[in-house]
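Me: I have a model open and want to go through it piece by piece. Can you take some questions?
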Amino acid sequence: MSLFSLVYVSFSAHTMTEDELRAILTKARTFNQPHGITGMLLYRDDFFIQALEGEQETVMALYEKIAQDPRHHHILIIHQEPIQNRCFSQWSMGFNHISDAHVEEVEGFSTFLEDTRDMRFFSTQPSRATQLLESFKDHVYF
Ligand SMILES: Cc1cc2nc3c(=O)[nH]c(=O)nc-3n(C[C@H](O)[C@H](O)[C@H](O)COP(=O)(O)O)c2cc1C
């Protein structure tokens, strides 16, 4: 099986409540676990970032489905590549909120969130996204 990783960013259609986030995660895990998908979803101030890992065709088909979801928009793939090992092997989909401390760790991220909201912040430098996601590798909220 060839492993593949895809990272995208998006904006939520409205500010998500805790219950709405939990509903997304429950649905995600129900599908992901039996389909060999692992990953991480982060959220803050209407901004989503998600990593999906698994067999390439499964990841792409899932991404196509997620991209149609009206709960978010301006979806942009910022990174996709074959991988040797999973980064989020322990999570069928981990979730966490992005804290102030994490915002400060990525240079320019606070300006992006509070001001520009221009996804080129991530697409021109995908490592900003992977750095952020990987910092949550061992930390999930639910
Ligand atoms: C930000 C976000 C992330 C999502 N992540 C996943 C996911 O990892 N796996 C999944 O199966 N669905 C995920 N979903 C839900 C899908 O977009 C979609 O609602 C679901 O796959 C529909 O399944 P159904 O066609 O069986 O009803 C996510 C939705 C949003 C808004």
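Me: Which residue in β3 does Leu-6 stand opposite?
Reply: Leu-6 stands opposite Leu-52 in β3. Strands here are DSSP runs of E of at least two residues, helices are runs of H or I of at least four, and both are numbered from the N terminus. Before we go on, this is a predicted model: local features need pLDDT of at least 70, side-chain atom pairs count only at pLDDT 80 or more, and totals for chains, interfaces and linings use all residues. Residues are numbered from 1 along each chain as its sequence is written.

Me: OK. How many bridges do β1 and β3 have, and in which sense do they pair?
Reply: β1 and β3 pair over nine bridges, in the antiparallel sense. Two strands pair if DSSP finds at least two bridges between them. Another bridge partner in β3 is Gly-54, which goes with Phe-4.

Me: And what joins β2 to β3?
Reply: Seven bridges, again antiparallel. Met-40 stands opposite Ala-51 in β3.

Me: What is the strand order in the sheet?
Reply: β4-β1-β3-β2-β5, five strands in an open sheet with mixed pairing. The edge strands, β4 (72-83) and β5 (94-97), each pair on one side only. From one strand to the next the twist averages 15°, where axes are lines fitted to C-alpha atoms (for helices over the stretch in contact) and angles run from 0 to 180 degrees between N-to-C directions.

Me: Is β3 mostly covered or mostly open?
Reply: Mostly covered, with eight of its nine residues buried. Buried means that 20 or more other C-beta atoms lie within 10 Å of the residue's own, exposed means 12 or fewer, and partly exposed is in between, with C-beta atoms placed from the backbone.

Me: Why does Gly-54 count as buried?
Reply: Because Gly-54 has 23 C-beta neighbours inside 10 Å. Leaving aside neighbours within four places in sequence, Gly-54 is in contact with Phe-4, His-35, Gly-36, Ile-37, Thr-38 and Val-59. Contact means C-beta atoms, placed from the backbone, within 7 Å.

Me: Now the core. Which residues have the most contacts inside the largest nonpolar one?
Reply: Val-7, Val-9, Met-40, Leu-42, Ile-49, Ala-129 and Leu-133, in a core of 27 residues. β1 (3-12), α1 (18-32), β2 (38-44), β3 (47-55) and α6 (127-134) each supply at least two of its residues, and β3 gives the most, with five. Such a core is a set of buried Ala, Val, Leu, Ile, Met, Phe, Trp, Tyr and Cys residues joined through C-beta atoms within 7 Å.

Me: What about His-74, buried or exposed?
Reply: His-74 is exposed, with 12 other C-beta atoms within 10 Å. His-74 lies in strand β4 and has a positive phi of about 50° although it is not a glycine.

Conventions: Contact = placed C-beta atoms within 7 Å.
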